[in-house]
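Q: Could you walk me through this one? I'd like to go topic by topic.

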Amino acid sequence: MDENMALAALASGDEGALGWFIGRYTGYVSTIVNNMLLPRLSTADAEEIVCDVFLALWHGAGKIRPGGVCGYLGGIARNKARDALRAHHVHLPLEDDVLSIPVPGPEEAVGEQELRESTRRAVESMPEPDREIFLRHYYYMQCVADIALALDMNTNTVKTRLRRGRERLRKELNGDA
Amino acid sequence: MHDMQVKISDLLPSAGIEALPGSVEGDSERVREAVLARLKEEKMNTRKRFRTGRTLLIAAAVTVLLSAAAFAAAQGFSELSHRREAESRYRSEPRDIVEVAPEDSPLYMAFEELREFREEVQSKQPTGSLTQEEFDKVMEDNKRISEKYFELAEKYGLRPVKSLGSFSSLEELVKALNEFAGIHDHSFLPAEDPRATVISASYTDCGSFSYAGGFTLPGGGAADYGIRSAAKGAMENLTEAIYLDEMEDWKYTAADGTEVLLGLGERKALLYVELEHCYVMATIRAGSAGADEESVISEFAWNKGTHTAISREDLEYFADSIGFGTIDALAASAQT
């Protein structure tokens, strides 16, 4: 079944369509939630959050644009996992998380779609393991020490590669890539 | 030039990157069972908690509108309610349903029959974990409901509506509608605000359309909204679930001279007007207390702070930004 058809069915209250999305995206959502929560929180906590994400999909189906389910689920999974970490007083600082993008005037805003595409291009163009390090840190919010341990690197190497990733993203967003 | 600050950690999830590191399988069957069980639990907890006071109030309002003429000059949204209420997934009180089809009109009866048929079909559907066979049955049921729609359109002498296209921007919709009706008006809806949480649009062979997007408030904030038209004589209805007792409504003459009905609630605002060839209803996902918490916007840090409460003046400004004459001309063009 086509995803947009399934989304329309979901928006009309079809629980079968919800099952279809769960079958398709459980791996994706679990990847995000597990990588953010484990081992700081339990597997049971992670499973609970995965269920919360699909319930949010059910409630928000009518407001998701066609083709936007993956981005929606990713955003919700991450927000809910982050909230769970906060609730357990787990604080994971991120390296230089804020980027400045020049825009033409105070009234101008960069379009959401444009930002999405530039971000995706930048991440896809990163060589491995820079891409993995970048996503582990800024997507899963894993701290530098944890990433270094997982990938058998020293923390300075991880920081250097994060800086390289930030620079690539900044150039893509500025249109300098 | 000035600088806009963005958080990398907010950009990444919005970009919808699918190939993530550290991939895990996930037991979808187990998740499916758990989610459907929780859904069932939610439904049981919210059902049948009707506010008796509200029911009486709506019943009183309905006695006023026994003729279709009462609708043409609707003085308030309570007059557009037919004693029907809908469960709310978010609050214990049911919401009131307002709709443009006058009670006992062929359109109303056709949709009542369709609703009853749908409910009967869906009541026999399996719940919980679905086998492939059960899932196929659900899809087959959807097809039967779709066929019923055409059967009822014929029975009640209504024109069935066929979608001619769907789009992901206002610009594409407006271009298609201009070509469809042979008109040249590219600004009959407010300019699309890039901070809109959802953008979707479609139009039909009856000259009706729907658009969900965002518009810029005079103060610089953004509000998500949806606007739909329904051509008269066509098998299409416009409904909206709201909390009527939280809504203040008033008549307003928009910039193009059209008198519209506006309603401002705590988290939702409405616009309704009956034109010569169609009905128009718009829902703004914000009210006097703030943006709609049921909306996806609350889930994304992206839009935090940009989607704000709206005032009476903001709602009137929204009405002023709409070209009702063009919307009516779109429906008229399909009838000739």
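Q: In chain A, what share of the contacts with a separation of 6 or more comes from residues 24 or more positions apart?
A: Such residues account for 65% of those contacts in chain A, where two residues are in contact if their C-beta atoms, placed from the backbone, lie within 7 Å. This is a predicted model, in which local features need pLDDT of at least 70 and side-chain atom pairs count only at pLDDT 80 or more, while totals for chains, interfaces and linings use all residues. Residues are numbered from 1 along each chain as its sequence is written, and chains are lettered from A and ligands numbered from 1 in the order in which they are written.

Q: Which elements does chain A have, and how many?
A: Chain A has eight helices and one strand, in the order α-α-α-α-β-α-α-α-α from the N terminus; helices (H or I, at least four residues) and strands (E, at least two) are DSSP runs, numbered from the N terminus.

Q: And what percentage of chain A is buried?
A: Of the 177 residues in chain A, 44% are buried, a residue being buried if 20 or more other C-beta atoms lie within 10 Å of its own, exposed if 12 or fewer, and partly exposed in between, with C-beta atoms placed from the backbone.

Q: Why is α6(A) largely enclosed?
A: Because seven of the nine residues of α6(A) are buried, the helix is largely enclosed by the rest of the structure. The buried residues of α6(A) include Arg131(A), Arg136(A) and His137(A), along with Phe134(A).

Q: How do α2(A) and α4(A) cross?
A: Their axes come within 9 Å and cross at roughly 35 degrees, the axes being lines fitted to C-alpha atoms, for helices over the stretch in contact, with angles that run from 0 to 180 degrees between N-to-C directions.

Q: Which residues meet there?
A: Among them, Phe21(A), Tyr25(A) and Val33(A) are on the α2(A) side, and Val69(A), Leu73(A) and Arg78(A) are on the α4(A) side. The residues of this contact divide into 14 nonpolar, one polar and one charged, where Ala, Val, Leu, Ile, Met, Phe, Trp, Tyr, Cys and Pro count as nonpolar, Asp, Glu, Lys and Arg as charged, and the others, Gly among them, as polar.

Q: What else is Phe21(A) in contact with?
A: Leaving aside neighbours within four places in sequence, Phe21(A) is in contact with Ala6(A), Leu10(A), Phe54(A), Leu57(A) and Val69(A).

Q: Switching topic, how many residues of chain A are in contact with chain B?
A: There are 63 residues of chain A in contact with 50 residues of chain B. On the chain A side, α2(A) provides the largest share, 14 residues, and the residues of that side divide into 32 nonpolar, 19 polar and 12 charged.

Q: What is the strand order of the eight-stranded sheet in chain B?
A: The sheet is open, with antiparallel pairing in the order β4-β5-β6-β7-β12-β11-β10-β9, and two strands pair if DSSP finds at least two bridges between them. The edge strands are β4 (163–167) and β9 (248–253) of chain B, and the twist averages 20 degrees from one strand to the next.

Q: Which helix packs on β4, β5 and β6 of chain B?
A: Helix α7 (residues 170–181) of chain B packs there, its direction making about 10 degrees with that of β5(B). Helix α9 (residues 324–335) of chain B lies across β6, β7, β11 and β12 of chain B, and runs at about 135 degrees to β12(B).
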